[in-house]
Amino acid sequence: MLIKNKKRSDCSESEVTPKTIYLNRRQFMKASSGIVLGVGGSNVFAALQGGNPLTPPTPVKQAFSQIIQTPYGSSETPAPYDVATTYNNFYEFGYGKGDPSERADNFKTRPWTITVEGEAENTGTFDLDDIIKTSALEERIYRHRCVEAWSMVIPWVGVSLGDVLKRFKPTSKAKYVYFETLYDPKQMPGQNSGSIEWPYREGLRIDEAMNPLAMFTVGMYGSILPNQNGAPVRLVIPWKYGFKGIKSIVKIRFVETMPLTTWSSLAPGEYGFYANVNPNVDHPRWSQSQERRLPGGVLFPNVIDTQMFNGYEEEVASLYSGMDLKRFF
Ligand SMILES: Nc1nc2c(c(=O)[nH]1)N[C@H]1C(S)=C(S)[C@@H](COP(=O)(O)O)O[C@H]1N2
Ligand SMILES: [Mo]
């Protein structure tokens, strides 16, 4: 982001994949699976193997056994799996879009614990599997909009962030919630260098975190998160720029005042705490009125208009009523 501004024409050839392939898959799922999509080793998943670029490759055992289908994004066309997993921002593994998929293979994501601190009754260190196991996993297809002005549609798997946070019983002093990524330079080579003060930090106002759209995400495309996409758990906040979607979370802290976050501390004039997708507030180095919807390429850059709150205005606009969004960007 700060470092590299990809040109519109920089799309790799692998991003060019016909939409019809994904459409076929969705029709197939509708016809064969009903409401609960059983993918773990089932016939449905097996039938989707065989070179379809929209499904995770082997091992199949990493697919979830039961995912509740939701209406979120059912009319959208998700990006092919290989695009969503090779065009990434995860600076802990390098600044290039291809670095995370090339360097995160051996990243250890189990066992994984999250430490919960601050203004809550139920604090301590919890195993991720214990945190997640009481919730039914949902598939939600969301638009994912990076501040660099590219976007993708991704079928995430996870639970409402609010449902998870409520289990820690935040007190009335918890006005914000702060998150931290793992700090482990041995595993994350990008943490040995660069201008970022590690670990990566993010935060939300507590009412934003409790909004039903905010997602505590453990998978995508029916399967566990690939390491490059933030395994084993990340945030997905679909009405905000992608950098709010902190990856590989190890710490959650409930706090009274607005926490410092990585990008807004590095360049406060460029990246705000709120970071709501807003076509009317330009970034100093690039316009936010449009976006490159991936996959696209040299011949079909696939530029579309950016929507207010990334198209989730109805669900989230009330969080910001009375706020000057040009000032609180
Ligand atoms: N820890 C961490 N989280 C991160 C980032 C990062 O560099 N480190 N990049 C952010 C940015 S800028 C974006 S756009 C998304 C990218 O998610 P994706 O690679 O799954 O598309 O992750 C966000 N979360
Ligand atoms: Mo981003």
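Modeller: This is a predicted model, and in it Asp105 lies in the loop that runs between helix 4 (99-103) and strand 3 (113-118).

Biologist: Is Asp105 buried or exposed, and how does one decide?

Modeller: The general idea is to compare the relative accessible area with two cut-offs, since buried means under 20% and exposed means over 50%. Asp105 has a relative accessibility of 61%, and therefore counts as exposed. Sequence distance is a separate matter: Asp105 and Asn227 are 122 residues apart along the chain, yet their C-alpha atoms are separated by 6.7 Å.

Biologist: Where is Asn278 found, and is Asn278 buried or exposed?

Modeller: Asn278 is found in a loop as well, here the one between helix 8 (262-266) and strand 13 (290-293). Because its relative accessible area is 7%, and buried means under 20%, Asn278 is classed as buried. If neighbours within four places in sequence are set aside, the residues in contact with Asn278 are Tyr241, Gln288, Met308 and Leu325.

Biologist: How should I read the surroundings of a ligand, and which residues are the closest to ligand 1?

Modeller: One starts with the list of surrounding residues and then turns to individual atom pairs. Ligand 1 is surrounded by 18 residues, of which the closest are Tyr91, Glu92, His144, Arg234 and Lys247. As for the atom pairs, a side-chain N or O atom of Glu92 is 2.8 Å from a nitrogen atom of ligand 1, while a polar side-chain atom of His144 lies 2.8 Å from an oxygen atom of the ligand.

Biologist: What does the space taken by ligand 1 correspond to in the protein?

Modeller: That space is the largest cavity.

Biologist: And how many helices and strands does the protein have, when we step back to the whole chain?

Modeller: The secondary structure comes to nine helices and 14 strands. Of the 329 residues in the protein, 55% are buried, and the accessible surface comes to about 14200 Å², with 52% of it belonging to carbon and sulfur atoms.

Conventions:
Residues are numbered from 1 along each chain as its sequence is written. Chains are lettered from A and ligands numbered from 1 in the order in which they are written. This is a predicted model: local features need pLDDT of at least 70, side-chain atom pairs count only at pLDDT 80 or more; totals for chains, interfaces and linings use all residues. Side-chain values use heavy atoms; hydrogens and water are left out. Helices (H or I, at least four residues) and strands (E, at least two) are DSSP runs, numbered from the N terminus. Buried means under 20% relative accessible area, exposed over 50%, partly exposed in between (1.4 Å probe, protein chains only). Contact means heavy atoms within 4.5 Å. A residue is near a molecule or strand if one of its heavy atoms lies within 4 Å of it. A polar contact is a pair of N or O atoms within 3.5 Å; within protein, one must be able to donate a hydrogen and the other to accept it, and residues adjacent in sequence count only if both atoms are side-chain atoms. On a 1 Å grid over the protein atoms alone, a cavity is a set of points where a 1.4 Å probe fits but cannot get out, and a pocket is an open set with protein on both sides within 12 Å along at least five of seven lines; lining residues have an atom within 4 Å of a point. A molecule sits in a cavity or pocket if more than half of its atoms lie within 2 Å of its grid points. Accessible areas come from the Shrake-Rupley method with a 1.4 Å probe; for residues, only the protein chains shown count as cover.
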